[in-house]
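Reader: I would like to go through this model with you and ask, for each term you use, what it rests on. Please set the values against the definitions as we go.

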Amino acid sequence: MENTTAEKFTAKELVTDQEVRWCPGCGDYSILKQAQTVIPELGIARENIVFISGIGCSSRFPYYMETFGMHSIHGRATAIASGLKATRPELSIWLVTGDGDGLSIGGNHTIHLLRRNFNLNVLLFNNEIYGLTKGQYSPTSEEGKVTKSTPMGSVDHPFNPIALCLGADATFVARSMDRDPKHLQAILKRANDHKGASFVEIYQNCNVFNDGAFEVFTEKSSKKKETLFMESGKPLVFGDNNELGIKLDGFTPVVVNLTEGASENDLWIHDDRDRVKAGILARFFDNPRAMSEHHLPRPFGVFYVEDRPVYEEKMIAQLESMTAKRGAGDLDALLRGRETWTIS
Amino acid sequence: MAESHEIPIFALQLRALFIMAQQQEVIDNVIIKFAGDSGDGMQLTGTQFTNTAAMLGNDLSTFPDFPAEIRAPQGTLAGVSGFQLHFGSVEIFTPGDFCDVLVAMNAAALKANLRNIRKGGTIIVNIDGFDAKNLRLAGYGDVNPLENGSVDNFNVVKMDVTKMTRAALDGSGLGVKEIDRAKNMFVLGYLYWMYNRSMDHTIKFIQEKFDKKPDIRDANLKVLSAGYNFGETREEATSRFSIGPAKIAPGTYRNMMGNQAVAIGLIAAAQKAGLQLFYGTYPITPASDILHELSRHKNFNVKTFQAEDEIAGICSAIGAAFGGALAVTGSSGPGIALKTEAMGLALMLELPLVIVNVQRGGPSTGLPTKTEQSDLLQAVYGRNGESPIPVIAAATPSDCFYMAYEACRLAIDFMTPVMLLTDGYIANGAEPWMFPKAADLPEIKVNFAKYVEGEKFLPYKRNEKLSRPWAIPGTKGLEHRIGGIEKQHETGNISYEAANHEFMVAMREDKVEKIADYIPEIKPEVGTDKGKLLVLGWGSTYGAIKSAVLQAREKGIDVTFAHIRYIRPFPKNLGEFLKNYDQVLIPEMNRGQLIKMIRDKYLIPAIALNKVQGLPFSAEEILSRIESLSK
Ligand code: SF4
């Protein structure tokens, strides 16, 4: 996919002539901006880039990227991308989906895409609401959420997208947010560098129907306390002056204060190749507003990475092995089959 | 009988020649059904007999009748597996209506097929399969149908196949289980004797198949001969029959099944077009064999993708089409229902895509292993919005090859999804096929769009076929976006403009209608350009209608047969053509679907003949309607 001889292009050249149609103030603008900033730096020829989306606010994304693109049908971008990658492995494919598109109507395709491990990138914009249909709860909305379709509050238990993807044996699982451009850019780059299906959950504010859903993670006043930025090889610390850390007590994560006697040596060192610990980190998922006793900060960054052969290469290897064994297909031999008889 | 297998074969053959000269009856066609428990090897027996008939120059047609349930209990009706073969020295168009000979390995096989034997036909029974237990499992209770008069109208040949197989292999050192597995060879040997066929082909087959297991090989050969010898030495007089070669067009033939023909047709089209073939699908009866066949030919640059569901099957194919592959999805009714939204997308994207529907009995799960033609209206009309998709249908097992090829040609030429209809009857049925040479297949031209310096690329600009350019990712300068939202003429940009929408709806319809200029006109298959009665068919009713019309014409009835392969659009001359006949009869395995389209479009009072039993028409059923209309 990396193509060093690719003709360079600028972020500006990724902007299309189509008017961007998201609501003013929507988090999608920032994500678009970061993608347009990062992609020219990846060394991929522009004609080899394809954006594919389903339906939803996020799914308008391809119209604003001057690359190849397809705005498909609800939930199916994953399946479409699978077929494209299987036949055109050299393309750089970016899937844009949302919590409704990718986890509800298209949830089945998402998990299967991840387990198969096609080498492509899935950007799931999670705004915990249905925006395009004007404000119903989504599969990531918290229990009790009052929306147009749930005037008495939702009784649905929400998905934890990171845990779901780990459960589907995804080989790259990360989380970022619209309001942290630098972090988002870095994660997009890492997702692209990973060979395999890269899943990036991006917290995205829908200022019209679910404003402030991620406020505690994005606002200056609370961000440092409520977020945990993971870096492999480094201890898990957070807090205004990184004075707080995470320690593992058996399999139980506990918050310790470095200014109150805890030692940096006791802290959990993040290892993004550790599947078991990734599973524990995925469960740092309590409601920050509930103020429970076991409250943990929300992790951002790469939870887990794994090197596993990608689907399209295994598929091609089979074609090559059969061709090596039998030779390139001879159509006349195929038409003739094994057994023939002649009538004279 | 005990000594029979000790007589040298050449001596028996000499004697056979002698008997033959005295007793052989020459007939021109026969229908044999092999029926038994799933474990009795009836499919193999049928296939062997079929291949021998083919080698001897007979025309033929076959149909397997698989048990409705996987691993149904032994000896029950649900576990009966059958194989029907119709062969002759005359032209054969169908696997046949009523069998002349039924081989029943057990009571359930008799019960399942008793209704389908011609009066006076022969029933060959394995009496070992009629013991108390088998009678009970077949639902006969303690009444033996062989003794209560149920089979009085037939010529019954009783043999204890199990006992004689065991006797033949006495001292072979094989276990009882292995010995019993050779039972089908005894029956096959006997039928070879009965129809005076050479066993060479099957002997060769056994030698090759059990090359590495000499004891099994010898056992099968021995039992095969024992069956043949049993015919020779049987005391009761049984007639033997002789069926000469058919007068079929000279050439080299192979046997071809419908699903296999679809698969090979797709590969041929991809090869001729110079494209990789992508098949995205989900297993479903009776379409899965297309996937199985394609997955065996990866050295033809064939990629098969068993998706997580039907929707992913078609959507992966749409992705592949966007990337420039010859993309195909296949299914049957329930799966097609799930794919319909994505079909609408493909038609909006105007990408080439072939959708194969191997129809089965519906609605819902319906009759998965049975045949029907009841998805026609779904194919033509069954999507949201004004959504024209070309629909074509295969007539016979080998015609599936040509129609699959044609579906690919139309999809690529017109940048459109195309629906190919077959059904369980022709998908599993087989017939001899004078296969073409690759070089003789029509060209399929692919012109991927290229960037023209200084020109703005218009993804929805159309050519003389109203077809848009196929601009695939990786082509510099052609970056563009497509989607399911209505698009502006030529630019392909999103457009909600009222007049543009109406224009585009009409444009997509005109494009599909335009196909009529590029497909053959309709003409009689049998009969005359004008006449009293036209029988108009589509899909797998071809064989039954053709047989019926030929028989009717022999009786002096003025009747013509024409067959529609292109359903949307219809052949250009169809309206004029229909007016040349006083009456039009349309037989269909549904409640009348093509007839609705014909009445709607041409305003003629066509007459329906419908059958919705999960079974194909018999020629007799069509013939009797022709006769009643001609009175
Ligand atoms: S509805 Fe919400 S998610 Fe959709 S564009 Fe508006 S702000 Fe963004």
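Reader: What makes E13(B) and strand E15 (residues 417-423) of chain B a pair, and in which sense do they run, parallel or antiparallel?

Author: The model is a predicted one, and in it E13(B) and E15(B) are joined by 7 bridges in the parallel sense. Two strands pair if DSSP finds at least two bridges between them, and with 7 bridges E13(B) and E15(B) meet that condition. Within this pairing, Leu353(B) stands opposite Pro417(B).

Reader: Which strand is joined to E13(B) by 4 bridges?

Author: That is strand E12 (residues 326-331) of chain B, which runs parallel to E13(B), and here Val328(B) stands opposite Val354(B). E12(B), helix H13 (residues 333-349) of chain B and E13(B) together make a right-handed β-α-β unit.

Reader: Why is E13(B) called largely enclosed?

Author: A residue counts as buried if 20 or more other C-beta atoms lie within 10 Å of its own, and 7 of the 7 residues of E13(B) are buried, so the strand is largely enclosed by the rest of the structure. Both faces are covered, with Leu353(B), Ile355(B), Asn357(B) and Gln359(B) buried on one side and Val354(B), Val356(B) and Val358(B) buried on the other.

Reader: Why do you say that the buried residues of helix H1 (residues 28-38) of chain A line one face?

Author: The buried residues of H1(A) are Asp28(A), Ile31(A), Leu32(A), Gln34(A) and Ala35(A). Seen down the helix axis they fall within an arc of 165 degrees, so they line one face of H1(A). Among the elements that cover them are strand E4 (121-126), helix H6 (181-193) and strand E6 (198-203) of chain A.

Reader: What makes chain A and chain B partners in contact, and which element of chain A gives the most to the side that touches chain B?

Author: Contact is counted where C-beta atoms lie within 7 Å, and 50 residues of chain A are in contact with 58 residues of chain B. H2(A) gives the most to the side of chain A that touches chain B, with 8 residues. By class, that side has 21 nonpolar, 20 polar and 9 charged residues. Between the chains, E12(A) and strand E9 (residues 251-257) of chain B pair in the antiparallel sense over 3 bridges, with Ile343(A) and Gly251(B) as bridge partners.

Note on methods. Residues numbered from 1 in each chain as written. Chains lettered and ligands numbered in written order. Predicted model: local features only at pLDDT ≥ 70, side-chain atom pairs only at ≥ 80, totals over all residues. Contact = placed C-beta atoms within 7 Å. Helix = DSSP H or I, 4+ residues; strand = E, 2+ residues; numbered from the N terminus. Nonpolar A, V, L, I, M, F, W, Y, C, P; charged D, E, K, R; others polar. Buried ≥ 20, exposed ≤ 12 C-beta atoms within 10 Å, placed from the backbone. Arc of directions from axis to C-beta. Right-handed = clockwise from strand over helix to strand, strands pointing away.
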